[in-house]
Every structure is written in C-alpha cells, then in structure tokens.
Amino acid sequence: MLTDLSPLIAATARWLTVAYPPCGGALASALCEVQARQAVTVAAWLRYPTEIDAALVTMAGPGGTARLDWITGAEPVGDEPAEEWAWRTWVDEVVASWAAGLLTDPELAGLAVDALADGEHAAGGAVEFRRLIDPDDGDRHAAALLRHPDLLAPVTGLHHEQLLDRLGPGRALAA
C-alpha cells in the first residue's frame with residue numbers, strides 16, 4: 001500500500017507558490033518554495049498522521065484545486081493539455097488551507113510543529129521546520145505574498161476551525 005504523501009505535498013506546495021508567487025529572482029523562488037513545502041508538510045502530517053491515513057488518501061485522492069482556484073480567482077484555462085493541469089488533482093484543499101494558516105501565524109506554526117513530535121512521521125528522526133516557524137528577513141521578503149494574512153485569508157478560512165480543533169488540548173491525532 002502506498003503511504004508516501006510526497007505527491008500530495010509537492011502538488012499542494014506548487015499550488016501555493018503558483019497562487020502566491022515569490023517576490024524576486026531565483027533565490028527568492030527557492031526560499032518561497034521551501035517555506036511552502038515546510039508548511040504543507042506539517043499540514044499534511046497533521047491531516048494524515050498515520051500510515052493508514054496516508055494510504056487512504058493516496059487511494060482515494062485528495063480532491064484537487066477546483067474550489068481553491070475559484071476562491072483565489074486562479075481558475076486554469078479549460079483547454080490546457082492534461083500534462084499542464086494533471087498535478088492539480090493531487091492538491092489537498094484542507095492541507096492547503098492549514099498550510100496557509102501556518103504560514104500567516106508563527107505561533108500556530110510552532111504549535112503545529114510541536115504536535116508532530118510524537119507522531120508516526122517524526123519517528124524517522126528530527127525534521128527541521130525553521131523557515132516555517134522562524135523565518136528571517138530574506139524568507140519573509142521572498143514569500144511576502146505567501147505569508148500575507150489578508151491575501152491568504154480566503155484560503156485559510158476554509159478549514160481554520162478544523163486546524164484549531166486538531167491542535168486543541170487533549171486532541172488525538174487521527175484523520
């Protein structure tokens with residue numbers, strides 16, 4: 001059974017960086033991508049905390065970008081070839097919403113990273129999420145759009161209450 005969330009993480013991070021592009025050149029693009037990927041990784045691990053959860057989402061599929069594209073006004077052109085839009089089917093709306101919330105609220109991001117400490121995903125060793133929880137000036141400048149609370153509010157608001165519930169005290173991690 002496939003339990004690897006990397007296609008979901010890659011597609012969702014790509015959607016975020018396409019919808020909220022980096023500010024600057026190649027270095028800014030790389031810094032923005034790293035921040036998006038770290039936020040999406042944390043969100044995906046929270047959403048799908050066990051191998052069984054990960055296997056189920058890879059079997060059923062995460063849902064795609066339709067509502068996210070509509071909310072952000074980034075609907076793709078309908079006559080694009082399949083290879084131009086097929087990656088969008090691997091985007092998870094809830095994970096994108098949670099990642100947006102983490103990118104715009106450093107305190108929430110810290111709580112989310114802390115919540116992963118005892119999960120199955122952390123069993124492989126310590127994973128660093130510094131660019132998510134403690135971005136420097138270069139990180140913030142590169143991802144100015146990606147970290148802007150007002151711009152991300154429509155995406156963050158979609159599933160913010162679920163994220164707060166997941167991170168609330170006494171909550172077990174289970175999708």
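Predicted model: local features only at pLDDT ≥ 70, side-chain atom pairs only at ≥ 80, totals over all residues.
Residues are numbered from 1 along each chain as its sequence is written, and side-chain values use heavy atoms, with hydrogens and water left out.

The chain has eleven helices and zero strands, where helices (H or I, at least four residues) and strands (E, at least two) are DSSP runs numbered from the N terminus. Read from the N terminus on, the order of elements is α-α-α-α-α-α-α-α-α-α-α. Of the 175 residues, 42% count as buried; here buried means under 20% relative accessible area, exposed means over 50%, and partly exposed lies in between, with a 1.4 Å probe and protein chains only. The chain exposes about 8,800 Å², of which carbon and sulfur atoms supply 56%; these areas come from the Shrake-Rupley method with a 1.4 Å probe, and for residues only the protein chains shown count as cover.

Next comes the interior. A nonpolar core is a set of buried Ala, Val, Leu, Ile, Met, Phe, Trp, Tyr and Cys residues joined through side-chain atoms within 4.5 Å. The largest such core has 44 residues, and Val42, Leu102 and Leu132 have the most contacts inside it. Two or more residues each are given to this core by helix 1, helix 2 (26-47), helix 3 (51-60), helix 6 (93-104), helix 7 (106-115), helix 10 (149-156) and helix 11 (160-167). Helix 2 supplies the largest share, nine residues. Beyond its neighbours within four places in sequence, valine 42 is in contact with Leu102, Ala112, Val113, Leu116, Phe129 and Leu132.

Helix 3 also has a buried side, with Asp53, Ala54, Ala55, Val57 and Thr58 all buried. Helix 1 is among the parts that cover these buried residues. Just after helix 3, glycine 61 takes a positive phi of about 90 degrees.

A pair of aromatic rings is described by the distance of the centres and the angle of the planes. Rings of Phe, Tyr and Trp (its six-membered ring) pair if their centres lie within 6.5 Å; planes under 30 degrees apart count as stacked, over 60 as edge-to-face and the rest as tilted. The structure holds two aromatic pairs. In one, the rings of tryptophan 15 and tyrosine 20 have centres 6.4 Å apart and planes at 80 degrees, so the pair is edge-to-face. Tryptophan 15 is buried, at a relative accessible area of 1%, and tyrosine 20 counts as buried at 7%. Tryptophan 45 and phenylalanine 129 also form an edge-to-face pair, with 6.0 Å from centre to centre and 85 degrees between the planes. Because tryptophan 45 lies in helix 2 and phenylalanine 129 in the loop between helix 7 and helix 8 (130-133), this pair ties together parts that are 84 residues apart in sequence. Both tryptophan 45 and phenylalanine 129 are buried.

Threonine 12, in helix 1 (residues 6-19), is buried with a relative accessible area of 0%. Its side chain makes polar contacts, meaning pairs of N or O atoms within 3.5 Å; within protein, one must be able to donate a hydrogen and the other to accept it, and residues adjacent in sequence count only if both atoms are side-chain atoms. The side chain of threonine 12 reaches the backbone oxygen of leucine 8 at 2.8 Å, and a polar atom of that side chain lies 3.2 Å from the backbone nitrogen of aspartate 92. Serine 97, in helix 6, is buried at 1% relative accessible area. The side chain of serine 97 reaches the backbone oxygen of valine 155 at 2.8 Å.

Finally, the cysteines: with a disulfide taken as a pair of cysteine sulfur atoms within 2.5 Å, the count is zero. The cysteine sulfur nearest to that of cysteine 23 belongs to cysteine 32, 7.6 Å away, which is too far for a bond. Cysteine 23 is partly exposed, at 24% relative accessible area, whereas cysteine 32 counts as buried at 1%.

Notes. Contact = heavy atoms within 4.5 Å.
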